[in-house]
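Keep the picture open while you read.

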Amino acid sequence: MTSAAERFATTGFGPHNLPYASFSVAGGERRLGVRLGDRVIGIAALADATTTPALEPTARGAVGTANLDALLAAGHTVWRPLRAWLQEVVTTDGLDGAVEDASTPVAEVSLHMPFTVADYVDYYASEHHASNIGRMFRPDQDPLLPNWKHLPVGYHGRAGTVVPSGTAFPRPKGLRPEEGGTPSFGPSRRLDIEAELGFVLGGSVPEGEVSVDRAGAEHVFGVVLFNDWSARDIQGYEYVPLGPYLGKSFASSISLWVVPFDALADARVAPPAREHQLAEYLDDSGSEPWGLDITMEVDVDGEVVSHPPVKTLYWTAPQMVAHMTVNGASLRPGDFFGSGTVSGAEVDERGSLMELSWGGKEPLRLADGREQAFLTDGQTITLRGTAPGPDGSVIDFGECVGTILPAT
C-alpha cells in the first residue's frame with residue numbers, strides 16, 4: 001500500500017505544505033480545497049469519503065463552503081486540528097484512493113479569491129526598502145524617519161481592490177506633479193510594483209490588543225504573495241500630509257494558494273537586531289523568533305530580475321498584528337495586511353522598480369537589451385516564493401501574476 005503523499009506529492013507541494021484555495025471544476029460550484037502535488041483535493045469530499053480518521057464535526061462544517069471564510073471565523077482551535085487531519089490522511093497508507101477520488105488535477109480547475117478581505121492594512125517593514133526610498137526623496141536627511149525603528153509604520157488601505165492573481169487592470173489615472181507647480185491629470189507615468197508578503201488573519205478579537213505571541217499562535221492563519229502596485233507619481237503628489245490614496249488603491253494582487261502559517265515552522269528565523277528597546281507591546285525578545293526565511297522572485301515578462309529576502313524584514317507579522325490592535329481596534333476574520341515592499345541589501349534583492357532603476361535614473365537592463373524603469377502597457381509581472389520545510393523539503397507559494405492594460 002502507498003499513501004497519497006507518496007503517489008502525488010511534488011517538490012514544493014508535499015504534505016508539509018498543503019496550501020488552501022477556493023476552486024471550481026468546469027464552471028461548477030466553488031469549493032474549498034488544498035493542494036498536494038499537482039492535484040487539488042476537495043476537503044469536504046475527502047471528509048465524506050474518509051471515516052477513519054474522521055474529521056471533527058465543527059471542522060466538517062467549516063470546510064463545506066466556497067472559500068476560507070468559515071474556517072477563518074472558526075479560529076485556530078478548528079483550523080489547527082483540520083491541518084493535522086489532512087496531513088494524517090494524505091500520509092496514511094491505503095488512503096491514496098480516497099484522496100484521488102476527492103481530487104482534481106490542478107490543470108483542470110479554476111482558482112478564485114480564497115477569502116473575503118475584511119480590512120486591509122499595508123506596512124513598511126523592510127529597512128532596506130525604507131532606506132532606499134528615503135535616500136531618493138530626502139538625500140540631505142537621515143533616510144529613516146525617527147519613528148521607523150520604534151513602531152511598524154503602516155496605513156489603512158482599500159480592501160475592495162485586492163484582486164486575485166491573473167487579473168489584468170488598466171493603468172491608473174490621477175493628478176501628476178509637473179514643473180511649475182500645477183499638476184496635470186492623466187495616466188500614471190511611473191507605475192511600479194511592490195513585492196510583498198500578505199498575511200491572512202482569523203478569529204475575532206472585538207476588544208483588540210492582541211499580543212505578539214497570541215498573534216502568531218492564534219490569529220495569523222496563512223501567507224500569500226502580494227503585489228501592491230503603486231503609481232509613484234500620483235502617490236508622490238497626493239500623500240502629503242495624510243498618506244497614500246489613489247496612487248495605491250486601484251489594485252493589489254494576491255496569490256491564490258494560502259500557505260498555512262503553521263507550514264512555515266522550519267522557516268522561522270530571528271529578525272534583525274533591534275537598535276532600540278521596544279515598547280512592551282512590541283517587545284519580542286522573550287518570544288520564539290517570528291521572522292521568516294522566504295525568498296521571493298520578481299519576474300518581468302518572463303525574466304527574473306530580483307530575489308527579495310523576507311528574512312531581512314525588520315518587523316515581524318505578529319508585531320504588525322500587535323500594532324494594528326494595540327489601540328483597541330478589533331480584529332475580525334478575513335483581516336489582511338501586507339508587509340510592505342521586501343528589499344535586501346543588494347541591488348538584485350530590491351522589490352520595486354523604483355529601487356531597481358533608482359527612481360528611473362539608472363534603468364534596469366533586461367537580457368534582450370531593453371531598459372526598464374517603470375512599467376509599460378502590456379507587461380506582466382509574476383512573483384514567486386519558496387521557504388525551507390522540514391527534512392530538506394520546500395514550501396512553494398505558487399505565483400502572483402498581474403498584467404498592465406492601457407488606461408481607459
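The second largest cavity has a volume of about 50 Å³. This is a predicted model, in which local features need pLDDT of at least 70 and side-chain atom pairs count only at pLDDT 80 or more, while totals for chains, interfaces and linings use all residues. Residues are numbered from 1 along each chain as its sequence is written, and side-chain values use heavy atoms, with hydrogens and water left out.

**The second largest cavity**
- On a 1 Å grid over the protein atoms alone, a cavity is a set of points where a 1.4 Å probe fits but cannot get out, and lining residues have an atom within 4 Å of a point.
- A volume is the space filled by probe spheres set on the points, which are joined across faces, edges and corners.
- Among the residues lining this cavity are Tyr 20, Trp 79, Arg 80 and Asp 262.
- Helix H5 (76-91) and strand S14 (220-227) each give two or more residues to this lining; helices (H or I, at least four residues) and strands (E, at least two) are DSSP runs, numbered from the N terminus.
- H5 provides the largest share, 3 residues.
- By class, the lining has 6 nonpolar, no polar and 3 charged residues; Ala, Val, Leu, Ile, Met, Phe, Trp, Tyr, Cys and Pro count as nonpolar, Asp, Glu, Lys and Arg as charged, and the others, Gly among them, as polar.

**The largest cavity**
- The largest cavity has a volume of about 80 Å³.
- Its lining includes Phe 199, Trp 290 and Met 320, and strand S19 (291-292) and helix H10 (317-325) each give two or more residues to it.

**The largest pocket**
- About 720 Å³ of space lies in the largest pocket; a pocket is an open set with protein on both sides within 12 Å along at least five of seven lines.
- Of its 27 lining residues, the closest to the centre are Tyr 124, Ile 133, Gln 235, Tyr 239 and Pro 244.
- H7 gives the largest share of this lining, 4 residues.

**An open sheet**
- In the order S4-S3-S2-S1-S5, 5 strands form an open sheet with antiparallel pairing; two strands pair if DSSP finds at least two bridges between them.
- Strand S4 (103-105) and strand S5 (109-112) are the edge strands, each pairing on one side only.
- Strand S2 (residues 31-36) and strand S3 (residues 39-42) are joined by 4 bridges, and Arg 35 has Val 40 in S3 as its bridge partner.
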